Amino acid sequence: MAGKAPFKVFLSSTFRDLRDEREIVWKAVDEVCYAIGMERFPADEKCSLEVCLENLEECNIYVGIIGSRYGSIIPEDQLRKVEGENAEKYRGLSFTHYEFRKAGELGIPRAVFIMSGEAADNRVVEFRKEIEASFSPNYFSSLNELKGRIEEFLREQIPKWVCKGKLGLPGFYGRGEVLGELYGRLTSETEVFRTVNVFGVGGIGKSALVEALLLLLAVRGYNVWEVRSVTGRETRFSVPPNYKSGVLQVPDVGGLAEVLGIREVKGNLVDFLLKWLDENRVVLFIDDFQKVEDNFKEFIKKASRVLECGKVLVASRGRAKGEYDFAKCLEGLDEAPCRELVVDELRNAGVLEPSRKIVDLIWEKTKGHPLAVKMIVQLVSRKVLSVERLKSFGSIGDVRNEDDVKDFISRVFLENVRDELGRKALMYLSVLADGFDLEILRAIFKKFGDDRESWDDETLLREFLSPLRPHIIDYNKEGAFFPFTFSHDMVKEAAFSTLDSGDVVEARKTILECLKGREAVAITDMEIVYQAERLLEIVKESREREQLFNDIVEYAGRISTAAYGMGLAFLSVNYGLRAFKAALKVDRPIEALRMAENVIYHAVGLQLTEIAKETSNALDSLYEKAVKMDESEARYQYAFAMLAWAIYQLRVLRETDTAEKILQKIKEDVIGGPRKRRIEPPLKWYNAYIRALQIEFTIALQRLGYEKAEVLLNEQEKLLNEFKKSIINEYGEQEYYSDMAELESTKADFMFGIGNLQEARQGFKNAIDCALKAGRRDRAAGYRTNLAFVGLLMAQNEGQFCEAVEEYKDKKLTLEDVVIESEDIETKSISNQFIALAFLAQNKLQEAVVKAEEAYKMSLIGGDPYLIAVASLRFECLKALKEGSLPENAFKGVLEKYAKLGIENIICPVIAVELTGFMLNKVDLTELIKVVREGLKKIKGKLRNKLLEEFMENLKAIKTFSKSVKFEGVVDASKLARFWLAKILALA
C-alpha cells in the first residue's frame with residue numbers, strides 16, 4: 001500500500017489562537033504520516049472527551065503545540081463518564097493538558113512545540129513545567145521556524161523511536177537492535193557506508209528487515225527504490241511516495257535502469273547510474289541478489305568507491321560476492337519476539353487462545369525461523385499436526401544452515417499437501433518464472449487426467465487453493481495478471497526439489513503449450529520465452545529444438561516490439577537480441593533484420609555501442625539471404641535496420657558524414673524515391689521513406705542548414721497528406737492524426753529554434769488538436785506544456801500570462817487539467833512550474849510558491865536531474881520573493897545542481913538569481929545590467945539572445961526613467977521585473 005508512513009499522529013493544541021500553527025503542523029505531518037486532529041473528528045453522539053480519547057488511543061505519536069492560552073477546561077460530567085474513579089486525577093485540566101498527560105500514560109511517544117516568550121496565564125506556566133520535566137520540548141518564534149522544526153523533528157525522531165521499540169511497525173518482530181545498527185551506519189555523518197549486504201538463509205526475514213529499514217530512510221528524506229525479482233513486498237505496511245518498488249525483468253544493470261525509469265544514458269551505463277543515485281539521493285535495495293550478482297560485479301565494485309549521497313543495499317542467501325562497506329548476517333528471531341510472532345500467527349489462523357504448550361513447541365521446532373513458523377502454524381491450526389505429532393515432527397537443526405532449513409521446509413510442505421496429484425500440480429507450477437492463474441492450473445490437472453480440470457473458479461479456489469493460503473500459495477488481488485504465487489522461494493524450491501528431470505521437461509512443455517494458446521500479453525510471452533530457453537538447456541532432439549528457437553523468435557520478438565512502442569529501451573533491446581540470435585539459429589533472416597532494428601534503435605538512448613556494432617555487422621549478410629526469400633520485405637526490414645544504424649552514428653558516435661552516407665545509400669538503392677519506389681506495397685515504401693526524411697532533417701539541423709530542414713519538413717507534410725487515405729485504411733484515422741501530431745510538434749520545435757515564436761505557438765496548437773483527434777490526450781498534455789512555455793515567452797501583459805496556462809479550457813486541457821490528468825510525473829511538475837510563473841507575473845506570490853513547491857516535490861519523485869535543478873531554481877526564487885528576504889548563499893546549491901549536470905549555458909539561471917536579488921533590493925540596477933551584458937556575450941541560441949537583448953533594453957529604460965518599455969502599458973519597474981523574471985525562469 002503506497003501513500004504515507006504507517007503512523008498516525010495526534011495533533012493537540014488550543015484551537016482559536018493557534019489556527020495558523022495547526023495548519024502548518026498539519027501539513028508538515030501529512031507529508032510524512034497520517035495526521036489526526038479535532039478538525040477531522042467525525043460527527044459523533046459521544047461527548048468531546050470520549051471522542052478525543054478514542055482518537056488518541058488509535059494514534060502512534062502525539063504532537064502538541066503550546067501557545068499562550070491554556071484552553072477549555074474539561075466538564076466534570078465528561079471526566080466522570082470517561083475516567084470514572086480516576087476523574088479526580090484530571091480535574092481542572094484543559095483538553096490539551098489532558099491529551100498530553102494521557103498520551104504519556106498510554107506510552108505514546110510525544111513531541112511538543114512551545115511558542116517562545118513568557119506566558120501570562122499561570123496554568124500555562126505550570127503546564128510548561130510539566131512538559132519540561134518529562135522531556136526536552138522544542139521552541140519556536142515564527143510559523144516558518146515551526147514548519148522547519150516539525151518536519152526536521154519527525155524525520156529524525158520517528159526512525160529513532162522505531163529502532164528503540166517505542167514505535168511499532170505492523171508485522172515487524174524483534175530485531176530492533178539490528179535495524180538500529182543498519183540505520184545508524186547508513187545515516188552516519190562520521191563514517192561512509194555506501195554498500196551494505198544483509199545475508200542469511202532463505203525465509204529468515206531479510207526482506208522484512210530491509211523493508212523496515214527502507215521505510216525509516218524514506219521517512220528521513222531519502223528516495224528509496226526496492227527492486228525485486230518477483231512482484232510484491234514482504235511487509236504489508238503503507239509507505240510514502242518516495243518509497244518505490246519495481247520488478248527486475250532483465251537481470252542486469254540495464255534492466256535495473258529500466259526499473260528506475262531511466263530511458264536515456266550518457267556515457268558508461270554503470271557510471272551514469274551511480275551518478276543518478278547520488279544526484280537523487282537514492283537508497284537502492286536489490287532483493288534476492290544471489291540470483292543476479294554475477295551481472296552486477298562492476299556496479300557493486302564502483303558503488304563502494306564512488307557513491308557520496310546514494311546507497312546500495314542487497315539481500316542475499318549467503319554472503320554476497322565482492323567487497324561491501326558493511327555486511328550483516330541475519331539469524332533466527334530471539335525467543336520473545338518469536339513467541340509473539342507464533343501467537344499472532346495462530347490467532348490470525350483462528351486459534352484465538354493459543355496454549356503455552358503449542359507456542360513452546362513451535363518455538364522449539366522452528367528455532368526462530370519466521371517462514372518456518374508461518375508454515376507450521378497452518379498445520380497446527382488446521383489440526384493436520386496434533387500436539388503429539390508435532391512433538392515428534394523434528395526440528396530445524398541449525399537455523400543458519402541452508403540445507404537444514406530447506407529440509408524442514410520440504411517436510412512441512414509435504415505435510416501441507418497430502419493429496420498426491422495436488423502435490424504434483426504444485427511441483428509442476430514450481431517451474432514457472434513468475435506466478436500462475438487458474439487456467440494454467442487446469443491445464444496441469446488436464447495433463448494428469450484429474451477431474452479438477454472441470455471445476456469452476458469458485459470451487460477450485462475453495463477446495464484446492466484456499467487451504468494452501470497463505471503458507472504455500474499467496475494471492476494478489478491487486479490486478480496482477482498471474483494472481484497466484486508461491487508464498488516464498490523456499491516453498492517453491494521445496495516443490496521443485498521433488499521433481500525428477502523427466503517431470504521437469506513435461507512440466508515445462510505443459511505450461512508452454514498452455515500459454516502459447518492464449519491471447520498475446522507481455523507477461524505470458526515472457527513466461528513462454530523463459531520456458532523455451534530452459535527447455536533448450538535440456539532437450540536434444542533437433543526438431544524440438546528448432547520449434548523452441550522459433551517460439552523464442554515469435555514471442556521474444558513480440559515483447560521487443562511491444563516494448564519498442566512503449567519506449568522501454570532496455571526491455572526492447574534484451575528481448576530483441578534474444579529473438580535476433582534465435583532467428584539466426586533457424587535461418588530466418590527477415591525476422592533477424594526486423595529484430596536488429598529494435599536492438600540498434602533503442603541502443604541509441606542507452607549508448608550500447610558494442611551491441612549496436614555487433615548487430616549492424618550482420619545486416620549486409622542477412623540482407624543477401626533475405627532478398628532470396630522475399631525481396632520487397634527484405635528491403636523494408638533492411639532499410640529500417642540500416643536507418644537505425646545511421647541514427648546511432650549520428651547521435652552517439654557523432655559521425656555525421658558516416659550517417660549521411662548510410663542514409664543516401666539506403667534512400668537511393670534500397671528504398672527508392674517517389675518516382676522509382678523499390679519497396680512494395682506503397683504504404684511500406686512510405687513508412688521507410690518518411691523515416692529517411694526525418695533523419696535527413698536531423699542532419700540538416702546539425703549542419704545549421706535551416707532552409708534545407710524546412711524543405712524536408714514540407715516534403716514530409718506533403719507525403720503524409722498524400723498517403724492519408726492509405727494510412728487511414730490500413731491503420732485507422734487515429735494513426736494518421738497521431739503521425740500528424742508528431743510532425744506538427746517537430747515543425748513547432750523547429751520554428752522555436754529559429755526564434756519564430758508565433759509559428760511555434762501555432763504548431764503546438766496544431767499538434768494538440770491532432771493528438772486529441774488521435775485519442776492521445778497523454779501526448780496532447782505534453783504539447784500543451786510546450787504551448788504554455790511559448791505563451792509565457794510571448795506574453796506582454798498579465799492577461800496573456802494568464803492565458804498561457806488557462807488556454808484550452810473548453811477541451812479541459814488547461815495546465816491545471818494536465819496536472820490532474822497526466823500520469824507522467826515530469827509533465828505534472830513542468831505544468832505546475834509554468835502555472836507558478838504565470839502567478840508570479842500576476843503578482844500572486846502565495847499561489848506561485850505553493851505551485852512551485854508542489855512542482856519541486858514532483859521533480860524529486862520523477863528523479864530527472866535537469867528537471868530537479870530547474871524546479872529548484874524556480875521554487876527558491878519565488879520563495880525568496882514571498883518571504884521578502886534573500887538568505888546568504890540561498891542559491892548556491894541550486895546553481896551547483898546546474899553545474900553538476902555539465903550544462904555549459906547557465907546564464908539564464910544566473911540572471912534569474914540576480915534579478916531576484918534586484919527585486920529584493922539586494923542587487924543594484926547597475927550590477928544587474930552588467931550581469932546581463934556579460935550573459936549576452938556568452939549566450940547561445942537565437943531566441944535566448946533576442947529575449948536577453950529585449951530585457952537589456954527594458955533595464956536601460958528603467959535606468960533612464962524612460963516609458964518606452966517593451967511591455968504594453970507597463971511603466972512600473974516592479975511589474976516589469978516580475979514579467980521578466982517569469983520569462984527568464986521559463987528559459988532557465
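## A parallel pair to start from

Strand E6 (residues 195-199) and strand E10 (residues 311-316) run parallel and are joined by five bridges. Within this pairing, valine 196 sits opposite leucine 313 of E10. Please keep in mind as you look around that this is a predicted model.

Two helices are found beside these strands. Helix H8 (residues 176-186) packs on the sheet, where it touches E6, E10 and E11, and its direction makes about 175 degrees with that of E11. Helix H12 (residues 297-306) lies across E6, strand E9 (282-286) and E10, and runs at about 135 degrees to E10.

## The whole sheet

E6 and E10 belong to an open sheet of six strands, arranged in the order E8-E7-E9-E10-E6-E11 with parallel pairing. At the edges stand strand E8 (243-247) and strand E11 (326-329); each has a single partner strand, so one side of each is left without a neighbour in the sheet. On average, neighbouring strands of this sheet are turned by 15 degrees against each other, direction ignored.

## Strand E7, covered on both faces

Six of its six residues are buried, so E7 is largely enclosed by the rest of the structure. Asn223, Trp225 and Val227 are buried on one side, while Val224, Glu226 and Arg228 are buried on the other.

E7 has pairings with both E9 and E8. With E9, the pairing is parallel and counts five bridges; here valine 227 has isoleucine 286 as its bridge partner. With E8, the pairing is likewise parallel, over five bridges, and arginine 228 stands opposite valine 247 of that strand.

## Helix H20 and its buried side

Which residues of helix H20 (residues 457-465) are buried? They are Thr459, Leu460, Phe464 and Leu465. These residues cover an arc of only 155 degrees around the axis, which puts them on the same side of H20. Their packing partners are helix H18 (420-429), helix H19 (438-448), strand E12 (473-475) and strand E13 (484-486).

The N-terminal end of H20 is capped by aspartate 456, with a side-chain oxygen 3.3 Å from the backbone nitrogen of glutamate 458.

## Salt bridges between parts of the chain

How many salt bridges does the structure hold? The count is 76. In general, side chains of opposite charge can pair when their charged atoms come close.

One of these pairs is glutamate 415 with arginine 389, whose closest N and O atoms are 2.9 Å apart. This pair links distant parts of the chain: glutamate 415 is in helix H17 (residues 402-416) and arginine 389 in helix H16 (residues 387-391), 26 residues apart. Glutamate 415 counts as buried because its relative accessibility is 16%, below the 20% limit. Arginine 389, in turn, is partly exposed, with a relative accessible area of 34%.

Another salt bridge brings together the side chains of aspartate 657 and arginine 703, at 2.4 Å from N to O. Aspartate 657 belongs to helix H30 (residues 656-671), and arginine 703 to the loop between helix H31 (682-702) and helix H32 (706-722), so the pair ties together parts that are 46 residues apart in sequence. Arginine 703 is partly exposed, at 40% relative accessibility.

## Within helix H40

The side chains of lysine 851 and glutamate 854 also meet in a salt bridge, 3.7 Å from N to O. These two are three residues apart in helix H40 (residues 845-862), so about one helical turn separates them. Lysine 851 is buried at a relative accessible area of 12%, whereas glutamate 854 is partly exposed at 33%. Salt bridges that share partners also join Glu31, Lys147, Glu151, Glu853 and Lys857 into one network.

## Phenylalanine 875

Is phenylalanine 875 buried or exposed? With a relative accessible area of 8%, phenylalanine 875 is buried. This residue lies in helix H41 (residues 865-883).

Not counting residues up to four places away in sequence, phenylalanine 875 touches Val849, Ala852, Glu853 and Tyr856. Glu853 is also a member of the salt-bridge network described above. The C-alpha atoms of phenylalanine 875 and alanine 836 are separated by 8.7 Å, and the two residues are 39 residues apart along the chain.

Key. Residues numbered from 1 in each chain as written. Predicted model: local features only at pLDDT ≥ 70, side-chain atom pairs only at ≥ 80, totals over all residues. Heavy atoms only, no water. Pairing = 2+ DSSP bridges. Helix = DSSP H or I, 4+ residues; strand = E, 2+ residues; numbered from the N terminus. Axes fitted to C-alpha atoms, helices over the stretch in contact; angles between N-to-C directions. Contact = heavy atoms within 4.5 Å. Buried < 20%, exposed > 50% of the residue type's maximum accessible area, 1.4 Å probe, protein only. Arc of directions from axis to C-beta. Polar contact = N/O pair within 3.5 Å; in protein donor to acceptor, adjacent residues only side chain to side chain. Salt bridge = Lys/Arg side-chain N within 4 Å of Asp/Glu carboxyl O.
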